[in-house]
Amino acid sequence: MAKRRLRGWNPPLENINALVASGGPRLLARSRELVVTNGYAANACEAFAANLVGDGIKPSSLIGDAGLRDEVQQLWLAWTDEADADGLTDFYGLQAMVAREMFVAGECFVRLRPRRAEDGLLVPLQLQLLQSEMLPFEKTETAANGNRIRCGIEFDAIGRRVAYHFRRRHPGDSTDQGAVIPETVRVPATDVLHVYRPIDAGQIRGLPHIAPAMVRLFLLDQYDDAELDRKKTAAMFAGFITKTAPEEPMMGEAEADLDGAAIASLEPGTMQVLLPGEDVKFSSPADVGSSYEAFQYRTLLSVAASLGLPYHLVTGDVRQANYSSLRAELVEFRCRIGQLQHGVIVHQLCRSVWLRWLETAVLSGALDADPAEVRPVQWIPPRWDWVDPLKDIQAQVLAMEAGITSRRKVVEATGYDIEEVDRENAADAARATGLGLRYRASPGETQGARATPATRAEPGDGADNDTDDGAAATGPATEQE
């Protein structure tokens, strides 16, 4: 490591907080521009958010009292429509916005905003999203109370976060012009959720998820644009005419325009006899070559690896994919996404919002319960859609029959609450029975190859254990005696 070949490699020993503090604003500006202007970056951002939260990471209360549990779940579901302080989406839409901000900026701030009773909300609590630029990177100083402020975050003597010093206006929003006010405002840490993926120990601000791929995306976009412009310019020249006497008119030459320029045109099927000294050479622009596709593929493959996303999710190109390769990369990708779901979104966002929501609901009288009693909950991420769902469902059924897993875990893996599914199945079965209906896939019956419909003939009816294909099954098939 100290010999000739690596003697010049002497990277500075800097902490990630120092790197983010010095280069954070520039990194953030470049990241936002890429996601807006670069198609691959925009597609990767949407794929990241869609796989991280999908249609929402939803709570499943673990309260033992079924009645109280239903009351809590119904109140929560109704409140999710009122959760956004801007009124643009619901709680699960806010999760998607947080996921996009994590991709672009590496972090997102969620401010818990208590509301008045006269605001007419079911639970007087709303959530306000704040972008990373609202917390100045350069605000590193000592507060009047003796606490340390690092990159806009105030810490007490033992390193706990006690406040955030947010800007009152976004520094890049030229439309927000108002009265002169103090630049920042101190917001207690109890009212702010800082959602980011910590990469290193002691990291206090987030790093854009797109950061490792930014350079290649920017340079590749410039190369593609230059190549497209070169081809466009070359295609504009049909041919070149060489004359020994410039004063002689060219074939097909029109009169000069106001600028003194004349254009010679060719029509299909034209036969032209050249005068002595005239020569025509047609344009033959150089092609991009056979290496263009390979270069693009390798570069985009490197971009996908830098982003931690499958190649086909970044580019939409599945020409070189097959069932095995798609499944292999999806399994690895979903392991990474599972880490972010449970370690970041659930732990930093969902869990904290649930606790504050319960406390606010009880204090406002919307929920009559002990907050500690209704606190137990598990969060169910969205279901995964596989390449071949039939094989996966069959594998799940075999795992349940062998006792390897439970039906609850299988149902929750689909993104649904098992108790809600059971209630719907029971309601469907009761309604079908009341109407005299009978389906091949009735809830509660064993399905598949082991449930072949069969009916046994009644004694004395002239039939000998024949089965009617059109008859409904009254039970599982039996072997012939």
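Figure 1. At 23% relative accessibility, Asp70 counts as partly exposed; buried here means under 20% relative accessible area, exposed means over 50%, and partly exposed is in between (1.4 Å probe, protein chains only). You're looking at a predicted model, where local features need pLDDT of at least 70, side-chain atom pairs count only at pLDDT 80 or more, and totals for chains, interfaces and linings use all residues. Residues are numbered from 1 along each chain as its sequence is written, and side-chain values use heavy atoms, with hydrogens and water left out. Asp70 pairs up with Arg423 in a salt bridge, with 3.4 Å between the closest N and O atoms. For that label, a side-chain nitrogen of Lys or Arg has to sit within 4 Å of a carboxyl oxygen of Asp or Glu. Asp70 belongs to helix α3 (residues 66-80) and Arg423 to helix α11 (residues 418-434), so the pair ties together parts that are 353 residues apart in sequence. Helices (H or I, at least four residues) and strands (E, at least two) are DSSP runs, numbered from the N terminus. Arg423, at 41% relative accessibility, also counts as partly exposed.

Figure 2. Which residues gather in the patch of positive charge on the surface? They're Lys3, Arg4, Arg5 and Arg7. Patch members need over 30% relative accessible area and no salt bridge; like charges are joined within 9 Å, and nonpolar side chains (Val, Leu, Ile, Met, Phe, Trp, Tyr) within 5 Å. As for the charges, Lys and Arg count as positive and Asp and Glu as negative, with His and the chain ends not counted. Each charge is placed at NZ of Lys, CZ of Arg, CG of Asp or CD of Glu. Arg4 is in the segment before α1 (16-37), and its relative accessible area of 67% makes it exposed.

Figure 3. Val215, Phe218 and Leu219 make up a nonpolar patch on the surface, and together they have about 300 Å² of accessible area. Areas come from the Shrake-Rupley method with a 1.4 Å probe, and for residues only the protein chains shown count as cover. Leu219 sits in helix α5 (residues 214-235). With a relative accessible area of 49%, Leu219 is partly exposed.

**Figure 4. Cys151 and the cysteine question.** Cys151 lies in the loop between β5 (148-150) and β6 (153-155). Cys151 has a positive one, near 55 degrees. The residue is buried, because its relative accessibility is 4%. Cys335, by contrast, counts as partly exposed at 48%. How many disulfides does the model have? The count comes to 0, going by pairs of cysteine sulfur atoms within 2.5 Å.

Figure 5. His170 is in the loop between β7 (161-167) and β8 (184-188), and counts as partly exposed at 23% relative accessibility. His312 is 9.8 Å from Glu329, C-alpha to C-alpha, and the two are 17 residues apart in sequence. Glu329 is located in helix α8 (residues 323-364) and, at 26% relative accessibility, counts as partly exposed.
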